[in-house]
Amino acid sequence: MALAVLAAGCGRQDAPPATDARPEVPVATVPGAPPDSPTLAAIKRRGRLNCGVHQGLVGFAYTDNRGQWRGFDVDFCRATAAAILGDGDAVRFVPLSAAERFSALNDGRIDVLWRNSSWTMTRDAGEGLVFAGINYYDGQGFLVRRSLNLNSATELTGARVCVQSGSTSQANAVDYFRSRGIEYRPVVFDTEDAARDAYNREDCDAFSADISALAAARTVLTSPNEHVILSDVASKEPLGPVVRAGDERWASTVRWTLNALMLAEELGVARAEADDLAKTSTDPRVRRLLGAEGDFGPMLGLSRTWAKDAIAAVGNYGEIFERNLGSQSALDLERGLNAQWNARPAGLIYGLPIR
């Protein structure tokens with residue numbers, strides 16, 4: 001880390017690897033720019049992003065039958081790598097359990113964590129972590145068997161509820177039932193997979209986790225159609241990328257890569273059209289996004305085409321959602337809160353302006 005800081009202070013001598021031939025404007029040429037990022041310098045030096053992901057969650061992060069990483073969070077890892085290195089495949093995926101995800105980040109084993117992690121005050125203010133944005137608005141729910149004929153989680157009096165230990169799901173379940181004066185029996189497991197498997201064996205009556213995780217879990221149960229996610233939403237779970245504290249420039253890089261993908265959907269910039277629009281669009285917002293105008297990439301220590309490279313690698317936010325979680329996926333989740341702010345019905349996805 002000390003060497004990286006020294007290199008940054010000496011005019012960015014840590015040049016990108018030979019494979020990254022994209023022109024770059026040194027940060028020092030951008031008036032008022034803060035010092036360069038040691039994390040960004042290390043990524044450029046090694047020519048690869050180390051990205052922490054879930055060990056295996058359908059829709060978010062999993063390996064296909066060819067051993068290739070796929071998923072919603074995986075695509076954001078690839079977009080980040082493309083923004084920095086011009087190559088969405090320049091990523092080393094590091095599968096992490098819930099218990100080890102934050103220590104892996106603080107120990108420097110990964111550069112960024114894209115792993116369905118909820119932004120909470122304890123994590124933000126008490127554990128020295130920095131959340132760089134929200135890429136998925138979720139909430140905790142309950143998965144039960146249709147044969148129980150339940151309409152609400154408030155009917156789970158005396159029920160056995162499987163949850164993962166040390167997770168927000170465990171704490172939320174306690175809050176949900178306690179606030180309603182409902183007695184229940186928590187059945188706690190070290191991992192979400194273990195909790196799901198116990199539910200599948202009928203060792204508990206309900207499985208509680210993020211609704212997106214429940215939708216993924218249902219696809220791998222013995223008889224998926226025999227299970228239903230109740231309409232109750234027990235919590236707010238804003239999920240997003242996490243970085244170490246102390247590297248403000250790196251947090252900005254991750255934050256603006258996420259926002260660029262959101263803004264691309266809003267402005268109608270799709271993966272297949274990004275290159276052409278960079279040459280032909282007369283919309284100043286699109287031209288700034290795609291690097292045809294302004295020096296917004298160099299403000300982050302990236303090339304002018306950083307956002308276009310990210311979009312070209314994985315598509316805009318809407319394309320990423322539909323491919324992994326929406327109508328083109330096994331989960332077939334509706335956009336809901338994750339629709340654009342100006343959609344009908346409106347959601348919470350709001351790309352910050354690049355100007």
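These entries go from the surface patch to the cores.

Ground rules first: this is a predicted model, where local features need pLDDT of at least 70 and side-chain atom pairs count only at pLDDT 80 or more, while totals for chains, interfaces and linings use all residues. Numbering runs from 1 along each chain as its sequence is written, and side-chain values use heavy atoms, with hydrogens and water left out.

Surface. I found Trp-341, Tyr-350 and Leu-352 making a nonpolar patch of about 300 Å². Areas are Shrake-Rupley with a 1.4 Å probe, and only the protein chains shown count as cover.

Leu-352 versus Ile-349: buried or exposed? Leu-352 is partly exposed at 33% relative accessible area, whereas Ile-349 is buried at 0%. My cut-offs were under 20% for buried, over 50% for exposed, and partly exposed in between.

Ile-349 contacts (heavy atoms within 4.5 Å). Leaving out residues up to four places away in sequence, Ile-349 touches, among others, Tyr-137, Met-262, Tyr-317 and Trp-341. I also noted 9.3 Å between the C-alpha atoms of Ile-349 and Glu-266, which are 83 residues apart along the chain.

Cores (buried Ala, Val, Leu, Ile, Met, Phe, Trp, Tyr and Cys joined through side-chain atoms within 4.5 Å). The largest nonpolar core has 73 residues, and Leu-289 and Trp-306 are among those touching the most other members. Apart from it lies another core of 15 residues, including Leu-150 and Val-163.

Conventions
Patch = residues over 30% accessible without salt bridge, like charges linked within 9 Å, V, L, I, M, F, W, Y side chains within 5 Å. Salt bridge = Lys/Arg side-chain N within 4 Å of Asp/Glu carboxyl O. Buried < 20%, exposed > 50% of the residue type's maximum accessible area, 1.4 Å probe, protein only.
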